[in-house]
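Subject: Structure handover and notes

Dear colleague,

I am passing on the structure we spoke about, so that you can look through it alongside my notes. Please open it first and read the remarks below with it on screen.

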Amino acid sequence: QQALTILKRLSHDYPDYRWNAEVRYQTANLLYRVGEYKQAIETGQDWLARYPDHPLRRHVYILLGDACLEAHEKVEAFRWWLRAKKAWAEDSQTGSQLSSKIQELIDESDLDLLKRLKEHAKGTEFAPRITYRMGLIFAEKGETGKAREAAEWLIRSGGTEDWAAKGKALLNQVTSQLAFRTDVLGCLLPLSGPYAIYGREVLNGIQLGIQGKLAGPGSFEIA
């Protein structure tokens, strides 16, 4: 906290100080480290407005992404990390670290967040990962049409063979879910709306009928 106070005073009292870009960057970094994420974000954004062409800007991109994640602004974290990834393109180690952060964010995201991330991932290497995860969630929720769309997108996207293979596997999974089963009797009933009372009566009758047959040979299932 003492160092933070000194840095803030230095940049305020000496606006023409030649190392002010470094001072303001360290201020944002310290704010992040002490858990003042909102202030770190504001300070980082102000830094970029003041020094758009400074060599430290790519460090600020990472800092803003990290601070946004801690502030639960995950879409903004994703956007800043993507920007940082591009700025660090010639540094394989930092680029790999950024990729790991982005992949972890994608893998932990729910469907709503994935849809928002996908808007910013167009044309990037992370679009297939987002699409694949969305396809898995759709398949798990029984939304086979949307899962199929995701799988087909992966297959025809022209990405790496790995994503094409995962798309084919997902498509096979969806096809299996849609396969006709001869051992299941399906029945569509209105269980909501104005005709729900009739649908529930029929459902109750089916359930009673099945209970009466449980002691007999074979098995029964309501689909």
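Predicted model: local features only at pLDDT ≥ 70, side-chain atom pairs only at ≥ 80, totals over all residues.

The protein chain has 11 helices and zero strands, and its elements, read from the N terminus on, run α-α-α-α-α-α-α-α-α-α-α. Of the 223 residues in the protein chain, 35% are buried. When contacts between residues at least 6 apart in sequence are considered, 46% of them join residues at least 24 apart.

Helices H2 and H3

The axes of H2 and H3 come within 7 Å of each other and cross at roughly 160°, which makes H2 roughly antiparallel to H3. Their crossing is left-handed. On the H2 side the residues that take part are Ala21, Arg24, Tyr25, Thr27, Ala28, Leu31 and Tyr32, and on the H3 side they meet Tyr37, Gln39, Ala40, Thr43, Gly44, Asp46, Trp47 and Arg50. Sorted by class, this contact of H2 with H3 has eight nonpolar, four polar and three charged residues.

Helix H4 and its contact with H5

Helix H4 has 14 residues and reaches 20 Å from its first C-alpha to its last, which is close to the 20 Å expected at 1.5 Å a residue. Its buried residues are Val60, Tyr61, Ile62, Leu63, Leu64, Gly65, Asp66, Ala67 and Cys68, and these pack against H2, H3, H5 and H6.

For the pair formed by H4 (residues 57-70) and H5 (residues 74-87), the packing angle is about 160° and the axes are 8 Å apart. That angle is over 145 degrees, so H4 is roughly antiparallel to H5. The crossing of H4 and H5 is left-handed. From H4, Arg58, Tyr61, Ile62, Leu64, Gly65, Asp66, Cys68 and Leu69 meet a set of H5 residues made up of Lys74, Glu76, Ala77, Trp80, Trp81, Arg83, Ala84 and Ala87. The residues of this contact divide into 10 nonpolar, one polar and five charged.

The phi of His72 is near 65°, a positive value in a residue other than glycine, whereas most residues other than glycine have a negative phi. With a relative accessibility of 68%, which is over the 50% cut-off, His72 counts as exposed.

Helices H5 and H7

H5 also packs with H7, at an angle of about 25° and with the axes 10 Å apart, and the two helices are therefore roughly parallel to each other. The crossing of H5 and H7 is right-handed. Here Lys74, Val75, Phe78, Arg79 and Leu82 in H5 meet Leu113, Arg116, Leu117, His120 and Ala121 in H7. The contact of H5 with H7 has six nonpolar, one polar and three charged residues. Lys74 is listed both in this contact and in the contact of H4 with H5.

Lys115 lies in helix H7 (residues 111-121) and is partly exposed, with a relative accessible area of 39%. Leaving aside its neighbours within four places in sequence, Lys115 is in contact with Met134 and Phe138. Both Met134 and Phe138 are among the buried residues of H8, together with Ala127, Pro128, Ile130, Thr131, Gly135, Ile137 and Ala139. Lys115 and Thr131 are 16 residues apart in sequence, with their C-alpha atoms 8.9 Å apart in space.

As for the geometry of H8 (residues 127-140), its 14 residues should span 20 Å at 1.5 Å a residue, and the end C-alpha atoms are 20 Å apart, which agrees. H8 is followed by Gly142, whose phi is positive, near 80°.

Thr144 in helix H9

Thr144 is found in helix H9 (residues 144-156). At a relative accessible area of 17%, under the 20% cut-off, Thr144 is buried. Apart from neighbours within four places in sequence, Thr144 is in contact with Val174, Gln177 and Leu178.

Notes
Residues numbered from 1 in each chain as written. Heavy atoms only, no water. Axes fitted to C-alpha atoms, helices over the stretch in contact; angles between N-to-C directions. Helix = DSSP H or I, 4+ residues; strand = E, 2+ residues; numbered from the N terminus. Parallel < 35°, antiparallel > 145°, perpendicular 65-115°, else oblique. Left-handed = near helix turned anticlockwise from the far one by under 90°. Contact = heavy atoms within 4.5 Å. Nonpolar A, V, L, I, M, F, W, Y, C, P; charged D, E, K, R; others polar. Expected span 1.5 Å × (residues − 1). Buried < 20%, exposed > 50% of the residue type's maximum accessible area, 1.4 Å probe, protein only.
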